[in-house]
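Please examine the structure shown below.

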Amino acid sequence: MKQPKSGGGWPAIRYTLSKSREAGGLLKMWRALRSKNACKTCALGMGGQQGGMVNEEGRFPEVCKKSLQAMTADMQGAIPPTFWKTYSVAQLAKFTPRELESSGRLVTPLRLAPGATHYQPIDWTEALDRVVKKLKTTSANDTFWYFSGRSSNEAGFLLQLFARIYGTNHVNNCSYYCHQASGVGLTSTIGTGTATLLLEDVEHADLIFVIGGNPASNHPRLMTTLMKVRQRGGKVIVINPVVETGLVNFRVPSNLRSLFFGTEIATTYIQPHIGGDLALLTGIAKRLDEIDAYDKSFLDSHCDGSQNWLEQLRTVAWNDILSKSGVDQAQINSIAEIYAQAKNVVFSWTMGITHHEHGVQNVQAIANLALMRGMVGRPNAGLLPIRGHSNVQGIGSVGVTPQLKDAIFQRLEQHFNINLPTTPGLDTLGCIEACHDNKMQFGFCLGGNLFGSNPDSKFAEAALSKLSTLVFLNTTLNTGHTRGLGKETLLLPVLARDEEPESTTQESMFNYLRLSDGGPQRLAGPKSELEIIGSIAEGVLGQNGPLDWMSLRHTSTLRTAIAKVIPGYESIAEIGQTKKEFQISGRTFHQPQFATKTGRARLHTHELPPLRGGTDELRLMTVRSEGQFNTVVYEEQDLYRGQQHRNVILLHPDDIHRLGLKPDAKVTVKSCAGELPDIVVRNFSQIRAGNALMYYPEANVLVPRSIDAQSRTPAFKGTLISISK
Ligand SMILES: Nc1nc2c(c(=O)[nH]1)N[C@H]1C(S)=C(S)[C@@H](COP(=O)(O)OP(=O)(O)OC[C@H]3O[C@@H](n4cnc5c(=O)[nH]c(N)nc54)[C@H](O)[C@@H]3O)O[C@H]1N2
Ligand SMILES: Nc1nc2c(c(=O)[nH]1)N[C@H]1C(S)=C(S)[C@@H](COP(=O)(O)OP(=O)(O)OC[C@H]3O[C@@H](n4cnc5c(=O)[nH]c(N)nc54)[C@H](O)[C@@H]3O)O[C@H]1N2
Ligand SMILES: [Mo]
């Protein structure tokens, strides 16, 4: 397969047309995309009350392939009842993620009875009764509650509230495998865990750092912003061990000039080794200090710990920085100079930063570099973790975390006049490990694919199989429904966001609260997440308990509570009537007054971690292709990296030669966690030699359960592998 020279463009438009045909015509798709619902894919935040395909600047049309794919998936027909008789679970386990997803929408509750070979359709009364009975006879701390980031704030809030009143804090979400290191790192620095700026600020920057992310494929609409920055003469520095095609040149479909001629994106492209960022960021800061290009008065007036930090910078040896980052002195000096000359600088980052054992330190190092020139706490500059799922940030805001923030804990108790448990709650990996230790009986997954997203697939499968009951609320089938199942498994079909009977809300990565109107139910059978959660809560805790679960399942009641309980969310109470979307307060820093106790930001010092890997071992990153959304694979090919299928390992030609391998030959890839046979070696000169690339989720067989000590984010990008013929 030939690799394109730019991302986006005509293939994206052709794709739109073909997906529209699948969904029953262009008009039908157009209506679906223009409905007043926040976009379902990434957290950039599109749609809401201005109608779909409109960004926070009110710009239209903003559309990406991923929203089309997600929309087409939701617009599929129902999985026919014969399907469940035809295929056993063992057969379904052989389906590819793509085959599972395109089997159709889940429309009936399903049960896999203990020892059974097939899922069996059951009615809603039986399904909910079974969940309720099981919960009534299980001790609360033997249950866990996992949330993906697609569900609404209202559903997230209600389910965590129920789980806690039921008696456990084992409540967590997919962020623990994603941006948790950003949340922890930012909070340790500025006192809050999300972006410090608005979309508008990014568009007015004259320098943007894009570190460890591939927005051309994963946040395509950010490309419009990068294009605008470039067109206004601004610069973009990309830091990534892989030269990603779309970050070099991108054809923004909504801009004619860009569509025809392409827009150059990166002005500077730096390729460190995987895991080399901390050393590189430290090096850039050291150079700024050497050329005296930092803002001493900002550090003195608004930051703590800067003296210590500067002293440490001065003692780190350049040799250490160069060898551990894999970047040479000239390049580091050049980035420092570009940064020194820029006036408004935005630092953005994604999974290449967080998916490491030093993920939090990476984030702190980015913040250090920004603070060093006073780039946080003013307009047109700041820190931007580019978030994943469309509502992953909201789910976290409304309390879907093992430990509630003190303010939320107190206000929840007060508002509902209840006592909440104070027992420790486990995060996502903690729950999987507890399953493996036989400490869990019951698991409840609101969306997502817990099995598929886990490191160490073999371990995750064994762990989840020990559960006595596992309950899923999903729209479509995924690998988590065929492997790693509980002794009894229940699959409950839910409505998608744009089919909800009542309006719901989502939070974008710019801390903007969006309202989705919902819409007509496409297929008979699925229920709204709120109705399911409400019924279960009522069944388990009874009408005589402290809360009226019947009324709580309405989004208006929930929003009244959220407004009282969640800091910054005060304006959510009236949003159902006023339809006024809003900026969540206390998150955007246009003044150097931070959310820490002292109001000052804190700089952190770090030891540089050794560069891992030796002559026979390569560093492996596990990443997304252009044709997937997390564990849901829509297309086998990776258009941008020129790969026909996913069963590959991408290696630099020097490594192929050095290791005595042949392009397109089959090899076995091994790590300390497992091995994958029959992987095809692909010649990929765009990756920095010494490093390798494979696709997630398949490669999770190889990823060990190594985590960042501070945030417990798994090191999905830091696996050491060896390759044998
Ligand atoms: N199309 C599509 N869009 C998505 C998703 C999807 O699956 N498909 N998923 C959504 C979710 S939940 C998330 S979290 C985001 C993920 O968005 P990304 O973080 O962009 O996704 P990854 O594929 O994990 O890519 C990581 C990038 O980091 C680079 N990288 C790997 N290791 C390192 C390193 O050590 N240092 C540096 N500097 N770079 C490194 C890789 O080369 C790759 O370009 O996307 C969201 N949007
Ligand atoms: N090796 C490796 N592993 C990784 C990563 C990596 O880069 N490398 N990335 C990690 C990251 S960043 C993340 S975020 C996790 C992703 O982890 P998850 O969020 O758990 O996984 P997804 O694949 O996004 O979940 C997809 C499923 O969500 C369901 N769904 C879709 N819409 C809705 C809805 O509206 N409601 C409900 N209830 N269900 C819905 C569909 O049934 C679909 O099958 O994986 C992590 N795992
Ligand atoms: Mo993510």
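The shell around ligand 1 is made up of 10 nonpolar, 15 polar and 5 charged residues. This description rests on a predicted model. Of the 30 residues around ligand 1, those that come nearest are Asn 240, Glu 244, Asp 277, Gln 628 and Asn 630. At least two residues of this shell are supplied by each of helix H11 (215–218), helix H20 (351–354), strand E21 (618–623) and strand E22 (628–629). Because domain 3 (180–386 + 596–602) and domain 4 (618–724) both give residues to the shell, ligand 1 lies between these domains.

Several polar atoms of the protein approach the nitrogen atoms of ligand 1. An N or O atom in the side chain of Asp 277 is 2.7 Å from a nitrogen atom of the ligand, and a backbone N or O atom of Asn 218 lies 2.8 Å from a nitrogen atom of ligand 1. For Gly 352, a polar backbone atom is 3.4 Å from a nitrogen atom of ligand 1. On its own, ligand 1 has 920 Å² of accessible area, of which the protein covers 99%.

Ligand 2 is surrounded by 29 residues, and the closest are Tyr 146, Glu 529, Thr 631, Tyr 696 and Asn 700. By class, its shell has 10 nonpolar, 15 polar and 4 charged residues. Domain 2 (105–178 + 391–580) and domain 4 (618–724) each contribute at least three residues to the shell around ligand 2. The side chain of Arg 150 has an N or O atom 3.0 Å from a nitrogen atom of ligand 2, while a backbone N or O atom of Gly 448 lies 3.2 Å from an oxygen atom of the ligand. The protein covers 97% of the 930 Å² of accessible area that ligand 2 has on its own.

The aromatic rings form the next topic. The structure holds 16 aromatic pairs. One of them joins Trp 84 and Tyr 119 edge-to-face, with 5.9 Å from centre to centre and 75° between the planes. Trp 84 belongs to helix H4 (residues 82–86) and Tyr 119 to the loop between strand E2 (110–112) and strand E3 (120–121), so this pair ties together parts that are 35 residues apart in sequence. Both Trp 84 and Tyr 119 are buried.

Phe 209 and Tyr 339 also form an edge-to-face pair, because their ring centres are 5.9 Å apart and their planes are at 90°. Since Phe 209 lies in strand E6 (residues 207–211) and Tyr 339 in helix H19 (residues 329–341), the pair ties together parts that are 130 residues apart in sequence. Phe 209 and Tyr 339 are both buried.

Definitions and conventions: Residues are numbered from 1 along each chain as its sequence is written. Chains are lettered from A and ligands numbered from 1 in the order in which they are written. This is a predicted model: local features need pLDDT of at least 70, side-chain atom pairs count only at pLDDT 80 or more; totals for chains, interfaces and linings use all residues. Side-chain values use heavy atoms; hydrogens and water are left out. A residue is near a molecule or strand if one of its heavy atoms lies within 4 Å of it. A polar contact is a pair of N or O atoms within 3.5 Å; within protein, one must be able to donate a hydrogen and the other to accept it, and residues adjacent in sequence count only if both atoms are side-chain atoms. Accessible areas come from the Shrake-Rupley method with a 1.4 Å probe; for residues, only the protein chains shown count as cover. Ala, Val, Leu, Ile, Met, Phe, Trp, Tyr, Cys and Pro count as nonpolar, Asp, Glu, Lys and Arg as charged, and the others, Gly among them, as polar. Domain bounds come from an automatic or database domain assignment. Rings of Phe, Tyr and Trp (its six-membered ring) pair if their centres lie within 6.5 Å; planes under 30 degrees apart count as stacked, over 60 as edge-to-face and the rest as tilted. Helices (H or I, at least four residues) and strands (E, at least two) are DSSP runs, numbered from the N terminus. Buried means under 20% relative accessible area, exposed over 50%, partly exposed in between (1.4 Å probe, protein chains only).
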